[in-house]
Amino acid sequence: MTWLTEWAGYLPQMMSGLGVSLLIAGISIFFGYPLGLALSLMVTAKNLAVRTVGLAVVEIGRGAPALVILYLFYYGLPKFGIAFESITAACLALTWNSAAYSSEIMRAGIQSVARGQLEASNALGLSQRDTFFRVIMPQGMRSAIPGLMGVAIQMFQGTSLAYAIAVPELMKSAYNIGSQDFNYLQIFTLAGLCYAAISMPATWITVFFEKRMARHT
Amino acid sequence: MDALSAVLQGLPMTLMLTLLAFTIGIIGAVPLAVGLSSSNVLVRLACRLFVDLVRGVPIIVWLFLLKFGIQIGTFKFNPVGAAIVGLGIVSVAYLAEIYRGGLQSVPRGQGEAAHALGLGRGTTFYGVMVPQAFRIVSPSIATYLTGLLKDSSIASTIIVTEMVFQSQAFARQHPTVEGILPYIIVGILYIVLSLPVAYLSRRLDSRMRKAIYA
């Protein structure tokens, strides 16, 4: 039980770290989803140049480890005189990551909309824009929801990598506390529980949505 | 290309971490997947809690917990050991979930038919259910392997000398513009390394599809 009382003492410092983690995750999702939509449109565009650029951005964002993108922004770009604060670098890297992942999910969602919907809209004389934004996208996005929630959880967990560039997020707070008293087992267990306390319910909600969606299709 | 050769020094370690953790996962996930689809509620809930808990905690936390937190007598994990065990545990949880999905998607009738034919429980499971489930999940397993390859980069944070660690070391020694090269190279390397896995999975997938519908 001594663990619990000590945990209670650590909690304020951990909570401020958790706040930073949630902020980074929130920003990367907030900007990542719209960028992801734009990327998914670029990847399916008719123009070859647009398609190639879109594909490259998506493939690097998904194919390279988040840690590498993080280092590229934080340690790599300053060598060209472009320097970011650590937290900005973390937000940029994770935004790229989440945009790349969500673009694939949105593309799959949009492509899953039955062709007849497109043909019906054409037959009804809807403009291309209305067809996309009012017919195809609303239906496609619906089926993308569970996947996008999964990306959000992944991004929240990904914020722990920002520890590596000394962003004062949850993992960094834990490490700082641990290196004072050398009670690493205790503090990293607490850190793990903090992450799990958010990730686990979020996963359950996602699974619930997945099942509900499956019922309606 | 100094940067390339510096990064490549970490390649064997990256491959070793990935393959050992993957092996632990592939084997360890079998009993867990069976537990996840057990008819005993307690067993099922315990396995579910384990899987969700392991997946709910970021990999870097597992690595630090093992590297710094575990001390049994005089035993402490060295960085490589902690990385292999940490990535292994996480793989067990993710792959168990993939296996469970596969087992669940095998039509119930298959099990019932095997039962009706008088096959034993072991034969039904390993001879009827598992081969069909494997066909369904083999692309997911390949996707997980490429994910694991990328996740092995996190081991650099506990000073395992894999590719990202080597990139860092090179970049520190080259404060000039050249210092950005290793990060670009290592990023491309991860993508290149995952190409054969993706190719293999696509071939495996199409072959298995043929096998099912032939």
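Predicted model: local features only at pLDDT ≥ 70, side-chain atom pairs only at ≥ 80, totals over all residues.
The predictor assigns the complex an ipTM of 0.90 and a pTM of 0.90. For chain B, the average pLDDT is 91, and 97% of the residues score at least 70.

Within chain A, helix α2 (residues 48-63) packs with helix α4 (residues 86-111). The angle of packing is about 110°, and the two axes are 8 Å apart. Because of this angle, α2(A) is roughly perpendicular to α4(A), given that angles from 65 to 115 degrees fall in that class. The crossing in which α2(A) passes α4(A) is left-handed. On the side of α2(A), the contact is made by V57(A), V58(A), G61(A) and R62(A). The residues contributed by α4(A) are W96(A), N97(A), A99(A), A100(A), Y101(A), S103(A) and E104(A). By class, the residues of the contact of α2(A) with α4(A) comprise six nonpolar, three polar and two charged.

Between the chains, the contact takes 31 residues from chain A and 29 residues from chain B. Four helices of chain B, namely α3 (41-56), α4 (59-69), α8 (163-173) and α9 (181-213), each supply at least two residues of the side that touches chain A. This side of chain B consists of 18 nonpolar, nine polar and two charged residues.

Conventions. Residues numbered from 1 in each chain as written. Chains lettered and ligands numbered in written order. Axes fitted to C-alpha atoms, helices over the stretch in contact; angles between N-to-C directions. Parallel < 35°, antiparallel > 145°, perpendicular 65-115°, else oblique. Left-handed = near helix turned anticlockwise from the far one by under 90°. Contact = placed C-beta atoms within 7 Å. Nonpolar A, V, L, I, M, F, W, Y, C, P; charged D, E, K, R; others polar. pLDDT = per-residue confidence, 0-100.
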